[in-house]
Amino acid sequence: MDKTTCCIVGGGPAGMMAGLLLARAGVEVTVLEKHPDFLRDFRGDTVHPSTIRLLDQLGLGTEFARLPQSALTTLRVYAGDRMVVAADFTRVPGRYRHIAMVPQWDFLDLLAGAAAAEPGFTLRMRSTVTGLVKESGTVVGVRYLDATGDTHTLRADLVIACDGRDSVARESAGLLQRSEDVPMDMWFFRIPKAVDDSASGAVQTRFTSGNSAVAIDRGDYYQTGYIIEKGCDATLRAEHDVQWLRDRIGELFDWPGEALAHIRSWDDVKLLEVTVGMLERWYVPGLLCIGDAAHTMSPVGGVGVNLAIQDAVAAARLLARPLLDGTVSTADLDKVQHRRMLPASFTQRSQRGEHELLIAPALRGDLDAAPLPLRVVDAMPALAGLTAYLGGIGLRPEHAPDFARRPPVGADPLNPAH
């Protein structure tokens with residue numbers, strides 16, 4: 001039976017960020033990740049200005065800038081009958097005025113490499129958490145399977161659940177999300193870029209009556225998300241040949257047939273069942289949920305990753321000292337929820353508005369014109385700057401705690417700015 005101070009379930013953005021920050025505070029941290037690596041398709045790849053600034057504060061800005069990426073400075077959306085500017089990140093205050101589109105596996109490798117330099121940090125891949133260990137109503141650790149299928153127990157003063165929308169740790173703790181109705185699910189697939197493709201911009205978004213999708217430029221292919229009515233995946237696959245999907249994507253983006261032919265069958269189309277929910281209480285004694293484990297987000301706006309990272313920063317700042325002192329309590333866990341509840345709730349409310357404004361009418365087939373709020377934002381640049389700020393920085397943006405800050409790699413320790 002192993003022992004650690006803090007066990008983090010899940011090696012996604014929230015888990016790796018929380019692990020890095022706590023390790024830099026001197027806390028013994030063990031992250032359990034069920035996959036053998038970070039190479040997984042169709043994950044959130046948007047890194048917002050608030051997160052880029054955070055990486056700078058952690059001394060990782062230079063290394064982050066070396067990762068393969070593209071910059072989204074203006075979010076343009078085709079809605080109903082016209083193209084509109086929905087957000088202008090060049091108006092966001094601060095040094096970073098764009099969203100970086102970065103493969104999530106590269107981002108996670110960066111965090112893992114930085115964390116590995118801390119003596120108290122351990123990352124165990126191929127470690128699948130199956131449940132919690134409880135004593136007298138308090139979570140005191142987890143049970144997990146290693147790569148060979150053997151069962152292990154890891155005891156911890158605190159377990160942080162960062163295992164996403166289908167959190168095993170959350171379910172084992174008996175915490176239930178309050179779910180909202182959402183109008184959509186999404187299909188994800190890849191479309192290779194043509195050699196002569198001159199489209200500009202990292203994201204192409206199309207909302208039309210009965211036919212809507214988002215395409216993210218990933219260099220040599222488009223990561224594409226096609227919006228379908230909630231719960232209709234099986235019916236659509238049964239009623240249509242995959243050529244039906246190719247034709248509809250072709251209508252939206254005017255991609256050549258040879259590129260669309262890379263959707264060879266329905267097996268190439270992955271389903272994301274969209275859910276939006278919030279825990280009324282993010283914790284039980286000995287366990288804290290953050291990120292999607294606490295508040296499942298819609299993919300609209302690509303804000304889930306960055307919101308989860310902000311949760312991780314707040315958790316590390318508020319819990320590092322109690323963990324070092326061996327005094328972490330439910331009152332400490334409540335401080336994290338209290339700090340992060342407003343940003344999570346505000347973001348979900350904003351997503352609900354986007355569902356009602358764009359997605360539901362498009363799915364019903366009655367999105368004939370760009371909704372009035374979008375036309376107003378498009379006509380008033382200052383409002384496009386405000387929407388960019390709310391999406392790119394958000395409410396209560398978190399900064400790196402002093403204990404986690406480092407000068408940039410290769411900086412002069414006497415003069416880090418140079």
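**From one residue to the whole chain**

A: Let us start with Y389, which lies in helix 12. Please note that the model is a predicted one.

Q: Is Y389 buried, partly exposed or exposed?
A: Y389 has a relative accessibility of 30%, so it counts as partly exposed. The reason is that values under 20% are called buried and values over 50% exposed.

Q: Which residues does Y389 touch, leaving out those up to four places away in sequence?
A: Y389 touches V92, P93 and G394.

Q: And how far is Y389 from R91?
A: Their C-alpha atoms are separated by 8.0 Å, while Y389 and R91 are 298 residues apart along the chain.

Q: Back to the helix itself. At what angle does helix 12 pack with helix 11?
A: Helix 11, residues 372-379, and helix 12, residues 381-392, pack at about 110 degrees, and their axes are 5 Å apart. The two helices are therefore roughly perpendicular to each other.

Q: Which residues make that contact?
A: Helix 11 contributes V376, V377 and A379, and helix 12 contributes P381, L383, A384 and T387. By class, this contact has six nonpolar residues, one polar residue and no charged ones.

Q: Now another pair. How do helix 2 and helix 9 cross?
A: The axes of helix 2 (residues 49-57) and helix 9 (residues 304-325) come within 9 Å and cross at roughly 40 degrees. Helix 2 and helix 9 are therefore oblique to each other. The crossing of helix 2 with helix 9 is left-handed.

Q: What residues are involved there?
A: On helix 2 they are S50, T51 and L54, and on helix 9 they are N306, I309, Q310 and V313. The contact of helix 2 with helix 9 has three nonpolar and four polar residues, with no charged ones.

Q: Let us turn to the whole chain. How many helices and strands are there?
A: The chain has 12 helices and 21 strands. Its radius of gyration is 22 Å, close to the 22 Å that the globule rule gives for 418 residues, so the chain is as compact as a globular protein of that length.

Q: What box do the C-alpha atoms fill?
A: Taken along the principal axes, the box is roughly 60 × 55 × 40 Å.

Q: What share of the residues counts as buried?
A: Of the 418 residues, 52% count as buried.

Q: And what share of the contacts with a separation of 6 or more joins residues 24 or more positions apart?
A: Such residues account for 74% of those contacts in the chain.

How values were computed: Residues numbered from 1 in each chain as written. Predicted model: local features only at pLDDT ≥ 70, side-chain atom pairs only at ≥ 80, totals over all residues. Heavy atoms only, no water. Axes fitted to C-alpha atoms, helices over the stretch in contact; angles between N-to-C directions. Helix = DSSP H or I, 4+ residues; strand = E, 2+ residues; numbered from the N terminus. Parallel < 35°, antiparallel > 145°, perpendicular 65-115°, else oblique. Left-handed = near helix turned anticlockwise from the far one by under 90°. Contact = heavy atoms within 4.5 Å. Nonpolar A, V, L, I, M, F, W, Y, C, P; charged D, E, K, R; others polar. Rg over C-alpha atoms; globule rule 2.2 N^0.38 Å. Buried < 20%, exposed > 50% of the residue type's maximum accessible area, 1.4 Å probe, protein only.
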